[in-house]
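Biologist: I would like to learn how to read the features of a model like this one. Could we go through them in turn, starting with contacts along the chain?

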Amino acid sequence: MRTRRAFTLIELLVVIAIIALIVGLLLPAVQKVREAANRIKCQNNLKQIGLAIHGFHDENDRFPPAYVWVDPTQRALQSPHPNLYDHPPGITYTQPNWPGWGWAAFLLPYIEQDNVFRTINFDAPTIGTQGAIARNTPIKLYTCPSDYATGLFSVFTLFAQPVADTYTNSYVACYGSGYTGLRSADLSIVLIPGQGDGIFVRNGRFRIADVTDGLSNTIAIGERAALFAKAPWVGVLDQGTIRTTPGAPLSHSLIHPAPVMVMARIAGKPLNDPRSEPYEFFTPHPAGMNTLFADGSVHLIHQSIDLDVFRALATRASGESVTIPD
C-alpha cells in the first residue's frame, strides 16, 4: 500500500507565514509606487492649469480673479432679469458673495472644457438654476488622484441649511501671506477677500507686470485636498461655507465663510499642521505639496519648508529675495 505525502499542519503554517511576510514586505513598495504615480499625475494637472492661466492672460491681458463679486447696490444695473438672482428657497441671507464664479471656471476654455463653459452665465449666481449643469459636472483636471475624498458633496450655510450640491476641487488659488495689517492675520482672507498680497483675490485683475517678486518665485495654485476641506471647483457658492472634512487628520473641526472656497493663504502654521484651517493649503502627498508657480513651473514644497520662505513665495510684490528650496 502506497502512502501519499502531504503537508503537516506545521509546514502549512510556515508556508502561510512566509506568504504573509512577503505580502507585508511588498505592500509598502506597491503603495509607494502608486503614490509616486499619483504625484506625477497631480503635477501634470497643475502644469495644464498653468498653461491655462497663461492662455487666459494672453487673451485678457490679466490673470483670472479668485472669484467675481458684484456690489449688491450695483446688481440691478447688471441685468434686468430677475431669474439671474434665483437662490434656493429658505436660505438665510448673510454676507453676499454673488455671483461667485471662480478662477477654475474662467479657465474652462483653456483646458478643453468648452462645453461646460458654454453652460455658464457669468452674470448669474453659482447657486442659481443656471449654474446647476456646471456645479454637477466633475472636472478630472481639478482632481488629485491621491485625494480620496473628491466627488459630489453638499454645501451648507453657517446655520446648516442646504445651499447646493457640487463637485470638489483639489486645488486652490493663493491669496497671499495673510498679513494685510489686521489685528488678526487669520481673518484677512475672510474680512477683506479683495486685498490679499498674492496673485488671486476677489475681483483681481493682476498682470504679469504686477508680479514684481518674479513669476518663478510666486505661488499661483497649490493643493487643498478634499480629504481636508471640500470646496467647489465652480467658485464661491453664495451663502455657503467650507468645513473641515470629517475624519481629516486634524486636531479640530472648523467652518469658514464662502470666500475661502477658492483661496488659501500662508501665515503662521507649517504645511499640513494638525491645527490647519480651511483657509490654508493642505496636501495629500507624504512627500510634500505640488505647487504651481506663476511662471507655469511646478515644484514640490516640503512640509519642512521655512515659514518665512513659504510666506515670501505667496506674495506677488513684497520685495523679498527668496528661492524655491530643493
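Modeller: Contact means heavy atoms within 4.5 Å. In the protein chain, residues 24 or more positions apart account for 69% of the contacts with a separation of 6 or more. This is a predicted model, in which local features need pLDDT of at least 70 and side-chain atom pairs count only at pLDDT 80 or more, while totals for chains, interfaces and linings use all residues. Residues are numbered from 1 along each chain as its sequence is written, and side-chain values use heavy atoms, with hydrogens and water left out.

Biologist: How many helices and strands does the protein chain have?

Modeller: Helices (H or I, at least four residues) and strands (E, at least two) are DSSP runs, numbered from the N terminus. Here the protein chain has 7 helices and 11 strands.

Biologist: What share of the 326 residues in the protein chain is buried?

Modeller: Buried means under 20% relative accessible area, exposed over 50%, and partly exposed in between, with a 1.4 Å probe and protein chains only. By that rule, 52% of the 326 residues are buried. Accessible areas come from the Shrake-Rupley method with a 1.4 Å probe, and for residues only the protein chains shown count as cover. The protein chain exposes about 15400 Å², of which carbon and sulfur atoms supply 58%.

Biologist: Which residues touch the most other members of the largest nonpolar core?

Modeller: In soluble globular proteins, nonpolar side chains tend to be buried together. A nonpolar core is a set of buried Ala, Val, Leu, Ile, Met, Phe, Trp, Tyr and Cys residues joined through side-chain atoms within 4.5 Å. The largest one has 68 residues, and those touching the most other members are I49, W103, Y142, F200, I221, W233 and M261. Among the elements that give two or more residues to this core are α1 (9–60), α3 (103–106), β5 (171–176) and β6 (219–223). The most comes from α1, with 6 residues. Another core, of 17 residues, lies apart from it and includes C174, A312, A314 and V322.

Biologist: What is F200 in contact with, beyond its neighbours within four places in sequence?

Modeller: With those neighbours left aside, F200 is in contact with I53, P64, P65, A66, W103, A173, C174, Y175, A220, I221 and M263.

Biologist: Which strands are joined to β6 by bridges?

Modeller: Two strands pair if DSSP finds at least two bridges between them. β5 and β6 run antiparallel and are joined by 3 bridges, with A173 opposite I221. On β10 (residues 289–293), 2 bridges make an antiparallel link to β6, and there I221 stands opposite L292. As for cover, 5 of the 5 residues of β6 are buried.

Biologist: How is the N-terminal end of α7 capped?

Modeller: A polar contact is a pair of N or O atoms within 3.5 Å; within protein, one must be able to donate a hydrogen and the other to accept it, and residues adjacent in sequence count only if both atoms are side-chain atoms. D306 is the cap of α7, with a side-chain oxygen 3.0 Å from the backbone nitrogen of D308. In α7 (residues 307–314), the buried residues are F310, R311, A312, L313 and A314. Their cover includes β5, β6, β10 and β11 (298–301).

Biologist: Is T168 buried or exposed?

Modeller: T168 counts as buried because its relative accessibility is 3%. T168 sits in the loop between β4 and β5. A polar atom of its side chain lies 2.9 Å from the backbone nitrogen of G151.

Biologist: How many aromatic pairs are there?

Modeller: Rings of Phe, Tyr and Trp (its six-membered ring) pair if their centres lie within 6.5 Å; planes under 30 degrees apart count as stacked, over 60 as edge-to-face and the rest as tilted. The count comes to 8 aromatic pairs. One of them, F56 and Y110, is edge-to-face, at 6.1 Å centre to centre with 75° between the planes. F56 lies in helix α1 and Y110 in the loop between α3 and α4 (114–117), so this pair ties together parts 54 residues apart in sequence. F106 and F122 are stacked, because their ring centres are 4.9 Å apart and their planes at 25°. Ring pairs link F56, W101, F106, Y110, F117 and F122 into a cluster.
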